[in-house]
Structure formats: structure tokens, C-alpha cells
Amino acid sequence: MKEVDIKHLSKLANIELEREEEKKLQEDLNKIIKHIRQIQEVEVRQTPNTTHLSVEALPFRDDKKEKPLSVKEVLSNTKEQYKNHFTINRMINEDNT
Amino acid sequence: MSEYRPTIGVEVHAQLKTETKLFCGCPVAFGEEANTNVCAICLGLPGVLPSLNKKAVELAIKAGLALNCEIHTKSIFARKNYFYPDLPKGYQITQYRFPIATDGKILVEGKEIRIKRVHLEEESAKSIHETDKSLIDYNRSGVPLIEIVTEPDIDSPDMAVAYLKTLQKILQFESISDAVMARAEFRCEPNISVSKEEGKLGTRTEVKNLNSFKAVKNSLSSEIKRQIGILEAGEVVEQATIHYSEETGKTWVARSKEKSSDYRYFPEPDLPPLNVDKKWIEEIKATLGELPGRKKEKYISLGLSKEDAKIISSSSAASSLFEEILKLVNEPLEVSKWILRDYRSLGGPDISAASFAEMIEMVLSGEISRNAGAEVLAEMTRTKKAPKQIVKEKNLAQISDSNALEKIVREVLDENPDESTRLKKGEKKLIGFFVGQVMKKTKGKADPKEVSRIISEYEKKY
Amino acid sequence: MKTIPEYQELFKKGEITPTGLLTNCLKKINPSLNAYITVTEELARKGLKKDSKGKLRGIPIAVKDNINIKGVPTTCASNVLKGFIPPFSATVIERIEKNGGIFIGKTNLDEFGMGSSTERSYYGPTKNPFDETKVPGGSSGGSAAAVSSGSAVISLGSDTGGSVRQPASYCGLVGLKPTYGRVSRYGLVAFGSSLDQIGIIGRNSVDVGIMLEVIAGYDPKDSTSSKKEIDDYSDLNEVSKNIKIGIPEEYFKHIDPGVHSSVMEIKRRIEKEGISFKSVSLPTTGYIIPTYQVISYAEASSNLARYDGVRYGLRKNGESFHDTIRKSRDAGFLPEVKRRILVGTFVLSSEAIAEYYERADLIRRLITQEFNEVFREVDYLLTPATPTPAFPIGERTDDPIRMHVPDRMTAGANLAGLPAVVAPAGMIGNLPIGYQIIGKPFDEKGILSIVRLVEKMAPFEGFLKEVRDE
């Protein structure tokens with residue numbers, strides 16, 4: 001089994017890892033993935049992928065307006081704000097979508 | 001040497017015309033103060049769950065039907081995982097393997113464009129970029145969208161624009177989306193490749209951030225040139241996202257596709273499969289209006305000219321008024337003239353078909369003259385009064401009583417002895433002159449046909 | 001030890017007052033156990049002022065700190081949620097408030113519910129009230145320790161792979177994980193959305209039944225909650241003699257002999273009531289843990305993507321916005337959560353999804369089908385709750401595989417969405433252990449009634465050593 005590419009995964013998961021931490025996690029990940037690989041042994045009949053066990057249908061919501069939060073409440077959990085906006089480092093030229 | 005042929009497909013994101021967002025009850029509005037239409041759900045706070053807006057589903061089905069798609073009674077929402085500050089949950093709820101509608105087609109200028117899929121998804125937030133930071137406003141976060149994807153059936157930039165215009169018109173006509181490009185309610189992302197070989201596709205690139213039909217056309221033309229240039233130089237086109245500058249008219253590679261994220265799509269566990277029953281689909285089908293193209297053909301078959309049929313069918317207000325009036329006055333040509341000339345010159349006022357029809361009836365029966373009819377219409381628009389009342393108040397009724405008219409004709413003949421003598425000698429072209437004089441004298445209220453008849457008879461007597 | 005209806009009776013007679021009970025509970029908060037992250041005395045006193053006649057009037061309730069109470073910090077025992085105060089309450093909280101319940105505090109857990117020991121908390125480990133060198137189980141360890149030590153009459157937890165039932169077993173309590181969809185998840189911070197259910201930890205089946213009656217039922221805010229009518233869970237006195245209980249042989253392998261004999265003693269007592277047992281087999285049981293890991297890690301990797309420091313929680317500013325998000329997440333999560341996010345990211349990645357996530361999903365169906373087939377032969381299953389009693393603090397903290405061992409008894413019910421309850425089976429030394437009853441979908445009343453039957457035969461009050469009522 002080839003080693004998982006922890007650098008790639010940490011980039012996808014957006015977690016910056018320090019060198020030491022990365023080394024330790026690489027070992028852990030190899031162990032965990034070796035463990036979960038067991039599921040390859042199970043014979044499964046191919047059934048349609050739906051992933052929902054529930055037999056009940058998805059309920060709908062009527063297109064009726066509800067009161068939004070106040071701007072104060074919206075911004076209440078961050079200090080990083082400016083003129084009623086959330087703020088972060090300038091996003092241009094950093095396209096990752 | 002054979003020519004390079006472009007192959008174009010288009011992805012459109014259109015905002016659905018709902019009161020509230022896709023998964024929460026926050027109002028959908030344009031131009032509100034930042035972060036005023038936001039709740040815990042569209043802000044992605046810990047612990048929230050989505051609940052699906054029925055109207056958005058209805059409109060997505062309607063779009064699927066209007067584009068002649070197969071509507072799936074079961075479709076599945078999926079999570080598309082990627083990080084961006086304008087994406088509050090770190091994933092977008094969309095539909096992936098099992099979209100709500102697939103396999104449609106529409107006719108654009110006589111050519112069939114196949115629609116691959118239509119699916120529901122949520123919008124991300126809006127960011128504003130300042131010099132040192134970006135500001136995020138979550139008002140748009142969670143606004144309902146449909147994505148409409150074509151097969152690569154388009155072979156020129158002009159055709160791409162024609163497709164987009166047709167699609168926009170359909171969405172607007174059916175009240176699925178206002179589809180205003182300037183408000184980002186209708187966004188186009190064409191993809192394009194060029195190839196010389198028949199049946200073989202080149203590597204495609206995707207053009208993003210196009211804000212007008214002109215930009216679509218010019219960017220595609222520029223991108224065709226860019227790709228041909230690369231191939232002619234013996235190099236290969238790389239899969240990439242392309243940006244376009246309206247100022248320079250040039251396209252350039254924004255980022256190469258190979259670095260693109262792995263979106264790790266998987267079924268959204270917070271939303272069971274979306275089941276829509278056949279009965280509901282039928283009900284939605286019944287609300288579909290006729291599409292502009294089909295309407296136009298119908299109007300031509302009623303005897304309208306191609307040009308007139310096109311003008312009326314392209315406006316949903318005009319075409320529905322036209323059809324409503326026809327139910328009361330079955331004179332397509334006559335009604336179309338009123339719509340094309342008077343109704344349009346009044347700026348397409350809000351007028352009831354019944355009143356409009358009543359006015360046309362009065363003209364057709366000779367009760368009022370054509371000119372008086374136009375005056376009645378203008379007055380109806382201003383005052384909302386009934387045509388009959390206006391005719392009475394303004395004394396517009398036509399004089400068609402033969403005795404009264406004969407008297408006036410005699411007067412006019414007396415007043416113009418020279419012409420009267422020439423008429424007696426058989427100079428028939430003077431009939432028109434005398435009709436004009438009578439109309440002048442009656443301020444347009446005389447029935448010109450009747451006047452003409454009386455004068456002709458008078459001429460014959462001699 | 002009193003049940004909630006008995007407290008209501010005493011309130012009515014005026015023998016004790018809700019204020020007196022609250023004061024008593026507050027006194028029993030033992031800081032060395034570290035059961036609470038936030039004690040909400042003020043909120044509880046405010047709750048008492050409301051004139052309520054509900055089923056839970058004046059009952060002090062502890063709430064796992066991954067369930068939102070408006071205006072009270074929700075930490076999920078994570079640094080990533082530093083300073084976060086939710087502007088809304090979970091549906092279960094609203095329903096409890098309407099029924100007069102009062103909230104005494106938010107309890108400790110493994111970060112985001114990811115663990116089986118309540119050691120992996122940013123706020124330090126919680127200790128087992130029976131033996132402070134042992135873990136209380138997890139991830140709802142704080143909720144179990146709170147009830148076990150008497151500082152709360154009943155508590156809410158959440159159960160993704162056994163997080164309510166396993167601590168109930170280690171702390172000598174009744175722990176219920178309802179059928180998936182029976183209780184609204186709105187306001188519960190998601191870990192594995194297709195597995196998570198809010199559960200209840202109480203001293204006895206009667207209390208758990210009353211709490212279930214309050215919190216169960218359809219919620220339009222949770223599209224996965226069921227529209228099925230709820231039962232009368234406060235009446236648990238009827239158990240038909242015609243029921244049949246299955247003993248799945250796979251659940252009795254590789255377990256502590258003391259656990260084995262205790263569960264067999266429970267079986268013997270139920271048999272004496274004239275109820276019959278049958279040996280059954282669930283062949284895929286051995287794959288429950290890896291299957292559970294793949295699905296729960298995958299969902300967790302997506303559910304925890306929202307913690308980016310932009311709108312709430314910990315923020316570490318970097319050079320670019322990506323840098324800011326990466327740094328905030330790195331500083332916010334403990335190693336186990338990072339491990340699960342990374343493995344979850346891997347099993348969903350384009351190279352691995354077919355072999356891992358999609359395969360696990362198919363095995364999940366197979367496991368569900370096996371349960372369905374067994375439930376054609378029997379009405380309930382009796383199993384141990386955990387393979388051993390509580391283990392020592394520190395023993396498994398850094399072992400990403402061994403920590404999952406207790407899950408093998410419990411995670412099957414999550415994968416199949418079935419209701420399951422754990423209740424005390426006896427003591428091994430100074431430590432309690434439990435048995436588990438798994439039922440058919442929506443048969444919470446049935447499984448709780450069996451627990452009630454056992455309780456009536458042998459009161460297990462002695463387990464709750466710290467509990468003194470008045």
C-alpha cells in the first residue's frame with residue numbers, strides 16, 4: 001500500500017501542519033488507513049448509492065419570509081469586522097475554487 | 001488546409017424568483033445593507049440544518065419542463081467541498097450525480113441545442129475587495145440558483161449568444177428568473193475547444209466572469225484565436241480557466257486546471273432524497289406559458305407578418321393581452337395593429353383586455369372612427385374609465401346617420417363650386433377631396449365610408 | 001434516589017422546592033471530576049422563575065456542550081470555537097424549556113464528540129465518579145459524570161457511535177440513543193450527520209422515558225426528523241410475555257468475563273419472567289468499526305470545514321486568506337480531530353472514494369439488512385454495552401485504533417439507525433458495567449420497558465454512590 005500524501009490532504013483540508021506534527025500524523029494516518037482497509041474484504045452486492053436510510057420523503061418549507069438576525073447578532077462572534085462586513089485578507093489573485 | 005471548427009458548451013447560473021433563500025427563510029433581496037438578510041443557517045453557524053424551499057423546487061422543475069427535459073421523481077443533494085471565505089459551511093449544497101432534470105433541448109435559430117442537465121444549488125456570499133482586505137457580505141449566501149448545462153452543440157460565438165438570449169427569454173417569460181445580468185441573476189460560463197478533425201474535440205477551456213452578451217461573444221472570438229494560435233505554433237492547448245478583459249478584448253489563462261481542487265462530492269446527509277410526484281410535475285406543466293418561439297409561429301399562422309409576430313411574441317405582456325383580446329374580438333390582424341401601433345406607443349400600459357376589446361369593437365362597428373379609437377385608448381390608460389363613457393364624455397361618436405351626412409355633403413359641395421362642377425363632369429378622384437372636407441367639418445366624427453358612398457352616388461346622379 | 005415523577009410529587013406536597021433541589025445539585029458539582037465546561041447557575045435560577053407546569057418542572061438538567069443554548073457559549077470542547085455564543089437554541093432545548101426543565105450547565109466531551117473517554121477535550125479530561133483514575137467513557141463523559149455524581153437529575157448527550165451509551169455503562173446509568181430521526185438534531189453541532197442522534201443519560205428508565213417524550217417528534221428545521229407519531233414513553237409497565245429476545249453471538253466474543261457473566265445474569269432474570277431468548281448471528285459485526293470510521297470521518301471532514309475563523313471562533317491571522325484559515329484550523333483542533341479530518345478527506349478524495357467511502361456505504365446497507373433479517377426472528381437484541389469496564393485515564397489517549405474498541409458494541413445501532421439503550425448490569429470490582437437492548441426502528445418504548453422490567457426486579461440504586469437526594 002502506498003503512503004497517503006499528507007501534504008496534499010492537509011492542503012485539501014486546509015490545516016497547516018508543523019513539520020513534527022506532520023511526521024507524527026503521517027504515521028497515525030498510515031495506521032488508521034491500514035485498519036480501515038479491512039472493509040475491502042467484505043463482499044458487497046452493488047446497490048444503488050443513495051446513502052439515506054430514511055424512507056421518509058424530504059419535507060418542504062413554504063417560501064415564506066422569516067426574520068433574519070440583526071446585523072449586531074450576525075457579527076457578534078467576531079472582532080474581524082468593518083462597516084458591517086466580515087473581513088479577511090484580500091482575496092483577489094488567490095483563486096482556489 | 002481545413003478550417004478549425006469551434007465547439008462550445010455553456011453553463012448558466014440563474015437565480016430563481018423566490019421570496020426566500022434555498023434552505024432558510026431569509027429574504028432574497030437586491031441592494032440591501034450588508035449582512036441584513038442573514039440568519040444562523042445561511043451564516044453556517046454550528047448546529048444549523050437546511051430546510052428546502054418548495055418554491056425553488058417548483059421553479060427548477062418548471063425550468064426543466066420549459067427546456068424540454070426529463071424531470072426526475074427522485075434527485076439527490078450533494079456536498080461540494082472546498083474552502084473559500086464566501087462559502088460559510090466549507091461546502092456548497094448542490095446536486096451532482098442525480099440532478100432534478102436532464103436530457104432537454106431547445107431550438108435556437110432553427111438549430112437544436114441539447115440541454116445536459118438542470119440542477120438546484122445554493123449561492124455563495126459576496127465579497128468586496130479593498131486595498132488591504134476583503135469584506136464579506138452574506139446577504140447572497142444561500143440564494144437559490146439553477147445551473148443549466150448544455151451539451152457542446154454550439155459552433156460559433158454568435159450562436160452562443162443566440163442560445164443565451166433565448167434561454168434568458170424563456171426564464172423571464174416563465175417567471176422562473178428575472179435573469180438580470182447586471183444583478184448577477186444570469187451568469188454565463190462558456191467552455192470552448194477548437195479542432196480541425198471531424199468528430200474529434202480539442203482540449204477545452206472555460207471562460208469565467210462574463211458580464212454581458214457582448215463579453216460572451218468577444219471573449220469566445222478572442223479565445224478561438226488564442227487556441228488556434230497555440231495549435232498553429234505546434235503546441236497544445238491546456239485545460240484552464242480563462243479570464244477576459246472588456247477593455248483590451250483579450251483572454252488570458254487565469255489558472256491551469258490540473259491544480260484544481262478535489263471537491264469530494266458526497267450525498268448531503270442532512271437532506272433525504274428529493275421526491276417529486278408525477279402529479280405535481282403535471283400541475284407545474286399546466287402553468288407553463290407558450291414559449292416565445294412557439295407563439296411566434298402561431299401568430300404567423302393567424303396571418304400576422306413575421307416581423308409583427310416576432311414583436312408581439314417576444315413580450316409576455318403584449319402576447320397575453322393580444323391573446324386575451326382575440327378571445328373577445330376574433331380579428332387577429334385588426335387586434336395586432338392596435339397592439340403594435342397604439343399600445344406600444346403608449347409604452348405598453350396596464351390595460352384590461354375587456355376594455356381594449358370593447359374599444360376595438362366600437363371601431364369595427366363604425367360607432368367611432370379609428371382616430372377616435374386611439375384617443376379612447378389613451379384616455380383609458382390615463383383615467384381607467386370605460387371606453388363607452390369616454391366616447392360619451394368626449395362626444396366622439398361617429399356620425400353615420402345618412403340624412404345628417406347628406407346635409408353636410410351638400411353644404412361642402414356648395415362651398416366648393418369649382419370642384420363640385422368638376423366632380424359632376426366625372427372627375428372621380430375628387431371624391432377623396434370631398435370626403436376630407438366632410439371629415440374636417442365634422443372634426444373626424446363622420447363615418448368616412450358612409451360619406452364616400454353619399455358623394456359617389458351624388459356623382460353618379462349627374 | 002428519586003424519579004422525576006417522584007420529584008414532581010414532592011414539589012406538589014411542598015416537601016422539597018425546585019430551588020432547594022437546584023441548590024443541592026449545585027453543591028454536588030465536584031470540580032475535580034471536571035464534568036462541566038460552563039456552569040449556568042444564573043440561567044437555571046432564571047428558569048425557576050418561570051411559572052411552568054410541565055413534566056420537567058424544576059428538574060436540573062445538564063447539557064453536552066455540543067448542543068446550543070442561546071446566549072451560553074458552545075465550545076464542543078474545542079479551542080476552534082473560542083468565544084462562540086450561539087444566537088439560537090437547539091430544538092430539544094426549546095422543548096425542555098417549555099416543559100419547565102432548567103439547565104445547570106454545559107458538560108465536557110471529547111472535542112466535537114470524537115472519542116470514547118472524554119480525555120480529548122481542550123478543557124482537560126473528565127473523571128469517572130466511581131474511580132477518578134478511570135475515564136467516564138465518552139464522548140458524553142461530562143453528561144454521564146454529572147448525573148452519576150448527582151449534580152444533575154438527567155442529562156442530554158449525543159451519540160454517533162456509542163457516545164451516550166458507553167459512558168452510561170461506565171458510570172452506572174441508563175443511556176438511550178433513539179432511532180435516527182426520532183429526535184431533532186437542529187442545534188446539535190454535527191459530527192457524523194447520518195449517524196448523530198441526541199441521546200439521554202438518566203438514573204433510570206422512567207426519567208429517560210419522560211425526557212424522550214419531551215424532546216422527541218418531528219421538527220420542520222431538521223429534514224431528517226421523522227413525522228411518525230411519538231409513543232407514550234412515560235408508561236413503561238407493559239412487557240408482553242410473547243416477545244422474543246435475540247442473543248447475537250458475535251457480541252459476546254473477546255469480552256471481559258465479568259461483562260459476560262453480568263449480561264448473562266440479566267438474561268436469566270428476564271427469562272424468569274417467562275420471556276424467551278434465541279441465539280442469532282450478525283456476521284458483518286466484525287466490520288462495524290472500520291465502516292463506522294470511514295463514514296463518520298468522511299462526514300466529519302465536511303462538517304468541520306466551517307471552522308475557518310472567518311465568522312466566529314478562533315482566528316489566527318496569516319499572510320493570505322488561505323494562510324489565515326490554515327493557521328486558525330491548525331491552532332484550533334487537537335490531534336485526534338485533525339487525524340479524523342485528514343482521514344475523512346482521504347476517503348472522499350477522488351482517488352479513494354470508491355474503495356473507501358462508497359464501499360463503506362454499501363457495507364452499511366449490508367449491516368442494516370442483517371439487523372432487519374434478525375428482527376424478523378426476534379423483537380429485541382441483548383448485548384453487552386462495552387467489552388470491559390472503564391479503562392484508566394491516559395491508557396489509550398494516543399492510540400487512534402484502540403480508542404475505538406468500545407464502539408464495536410454500540411456503533412452498529414448508529415449505522416443501522418436503530419434505537420438502543422444501555423442500563424446497569426452489575427459491578428466489576430468498583431466499576432459498573434452495562435447491558436444493551438437494541439430494538440426495531442421507533443420502538444423506544446419497547447426497549448425502555450425491558451429496562452424498566454429489569455429495574456423493578458433489582459434496583460441498581462447502589463451504583464450511584466454520590467447521589468444523595470435531600
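1. A:I88 sits opposite B:S134, a residue of β10(B). The model is predicted, and the comments below should be read with that in mind.

2. The strands behind this pairing are β3 of chain A, residues 85-89, and β10(B). They run antiparallel to each other and are joined by four bridges.

3. How many residues does each chain bring to the contact between A and B? Chain B gives 45 residues and chain A gives 34 residues. On the chain B side, the elements that each supply at least two residues are β2 (52-53), α1 (54-66), β9 (126-129), β10 (133-137), β15 (251-256) and β17 (274-275). The largest share of that side is from β10(B), with five residues.

4. Sorted by class, the side of chain B that touches chain A holds 23 nonpolar, 13 polar and nine charged residues.

5. In chain C, look at helix α9 (residues 288-303) and helix α12 (residues 357-377). Their axes come within 9 Å and cross at roughly 125°. Angles from 65 to 115 degrees count as roughly perpendicular and those over 145 as roughly antiparallel, so α9(C) is oblique to α12(C). The crossing of α9(C) past α12(C) is left-handed.

6. Which residues meet where α9(C) and α12(C) touch? From α9(C) they are C:I288, C:T291, C:V294, C:I295 and C:A298. They face C:Y357, C:A360, C:D361, C:I363, C:R364 and C:I367 of α12(C). By class, this contact has eight nonpolar, one polar and two charged residues.

Note on methods. Residues are numbered from 1 along each chain as its sequence is written. Chains are lettered from A and ligands numbered from 1 in the order in which they are written. This is a predicted model: local features need pLDDT of at least 70, side-chain atom pairs count only at pLDDT 80 or more; totals for chains, interfaces and linings use all residues. Two residues are in contact if their C-beta atoms, placed from the backbone, lie within 7 Å. Ala, Val, Leu, Ile, Met, Phe, Trp, Tyr, Cys and Pro count as nonpolar, Asp, Glu, Lys and Arg as charged, and the others, Gly among them, as polar. Two strands pair if DSSP finds at least two bridges between them. Axes are lines fitted to C-alpha atoms, for helices over the stretch in contact, and angles run from 0 to 180 degrees between N-to-C directions. Angles under 35 degrees count as roughly parallel, over 145 as roughly antiparallel, 65 to 115 as roughly perpendicular and the rest as oblique. A crossing is left-handed if the near helix is turned anticlockwise from the far one by less than a right angle, and right-handed if clockwise.
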